[in-house]
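Student: I would like to learn how to read a structure of this kind feature by feature, beginning with the whole and ending with single residues. Could we go through it together?

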Amino acid sequence: MQWKDRPPAPTEFGGIRLGRVQPGKDYEALITCESMAGHDTHWWKRRTVPCTAPDCTACCEGTPARWHGYLSVFSTRTRIHSVLELTSLAAAAVAEYEDRHGSLRGALLRANRLGNRPNSPVSVTIVPFDGDLRTLPHAVDLRRFLETIWSVKPNREDGQDDPPAGQNIRNIIVPGPPTCKTRPLKSVHHPATIEAAKSNGKGQK
Ligand SMILES: [Zn+2]
């Protein structure tokens with residue numbers, strides 16, 4: 001028998017969740033990261049995927065891209081460390097604070113949804129925290145965290161040390177051909193297809 005008197009080391013980002021401000025709940029957390037991370041994303045095939053423009057299949061299929069900002073946060077209520085996703089509207093106050101103070105770490109963020117729907121606008125206030133920050137956890141590496149949950153190949157500038165092929169972006173997004181923005185619709189070439197499309201579209205009211 002091999003006794004192991006300590007639990008196994010957690011996997012990287014184990015237990016860290018990506019969350020949003022929920023309706024009907026006042027949200028309060030200390031920001032643990034120095035800077036906000038941000039990326040254009042698509043809601044595509046029932047999941048959030050990063051926009052990979054100019055070579056992005058979701059763009060080519062006409063799915064709108066929306067910017068989201070991400071913060072690593074430590075809840076003052078639950079004392080759980082997580083990553084918070086904010087819309088561009090909600091993130092404006094955060095960006096302004098970061099630009100003014102040079103860092104977000106240790107700032108107190110309060111947020112709530114101005115409505116009962118999951119996508120109601122979020123109101124955010126952010127102020128310096130007037131308390132003991134010595135026990136504030138280290139920040140989550142936001143870009144690595146998001147790359148992990150999005151399973152996107154990291155964009156290394158040196159071209160070295162690529163991850164295994166299994167993490168390639170092609171597993172979740174099949175990039176369109178480079179000319180997809182100007183790709184003619186099939187129906188343009190086939191009059192029969194146009195007629196079929198017309199009758200399909202009009203016959204089902
Ligand atoms: Zn895109």
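**Reading the fold**

Tutor: Of the 205 residues of the protein, 19% count as buried, where buried means 20 or more other C-beta atoms within 10 Å of the residue's own, exposed means 12 or fewer, partly exposed lies in between, and C-beta atoms are placed from the backbone. This is a predicted model, in which local features need pLDDT of at least 70 and side-chain atom pairs count only at pLDDT 80 or more, while totals for chains, interfaces and linings use all residues. Residues are numbered from 1 along each chain as its sequence is written.

Student: What pLDDT does the protein average, and over which residues is the pLDDT below 50?

Tutor: The pLDDT is the predictor's confidence in each residue, from 0 to 100. The protein averages 78, with 73% of the residues scoring at least 70. Over residues 153-205 the pLDDT is below 50, and this stretch has 33 contacts in the model beyond near neighbours in sequence, a contact being two residues whose C-beta atoms, placed from the backbone, lie within 7 Å.

Student: How many helices and strands does the protein have?

Tutor: Helices (H or I, at least four residues) and strands (E, at least two) are DSSP runs, numbered from the N terminus. The protein has five helices and eight strands, and along the sequence they follow the pattern β-β-β-β-α-β-β-α-β-β-α-α-α. Among contacts between residues at least 6 apart in sequence, 64% join residues at least 24 apart.

Student: Which residues have the most contacts inside the largest nonpolar core?

Tutor: In soluble globular proteins, nonpolar side chains tend to be buried together. A nonpolar core is a set of buried Ala, Val, Leu, Ile, Met, Phe, Trp, Tyr and Cys residues joined through C-beta atoms within 7 Å. The largest one here has 25 residues, and those with the most contacts inside it are Ala-29, Ile-31, Leu-71, Val-73, Val-94, Leu-104 and Leu-109. Two or more residues of this core come from each of strand E2 (27-31), strand E5 (66-75), strand E6 (81-87), helix H2 (88-101) and strand E7 (107-113). Leaving aside residues up to four places away in sequence, Val-73 touches several residues, among them Ala-29, Ile-31, Leu-84 and Leu-109.

Student: With which strands does E2 pair?

Tutor: Two strands pair if DSSP finds at least two bridges between them. E2 pairs with E7 in the antiparallel sense over four bridges, and with E5, also antiparallel, over three bridges. Ala-29 has Leu-109 as its bridge partner in E7 and stands opposite Ser-75 in E5. E2 is mostly covered, four of its five residues being buried.

Student: Which residues of H2 are buried, and what covers them?

Tutor: An α-helix has 3.6 residues a turn, so residues three or four places apart point the same way. In H2 the buried residues are Ala-90, Ala-91, Val-94, Tyr-97 and Glu-98, and what covers them includes E5, E6, E7 and strand E8 (122-128).

Student: Is Gly-102 buried or exposed, and where is it found?

Tutor: Gly-102 is found in the loop between H2 and E7. Gly-102 counts as exposed because 10 other C-beta atoms lie within 10 Å. Its phi is positive, near 85°, and its C-alpha atom is separated by 8.0 Å from that of Glu-34, 68 residues apart along the chain.
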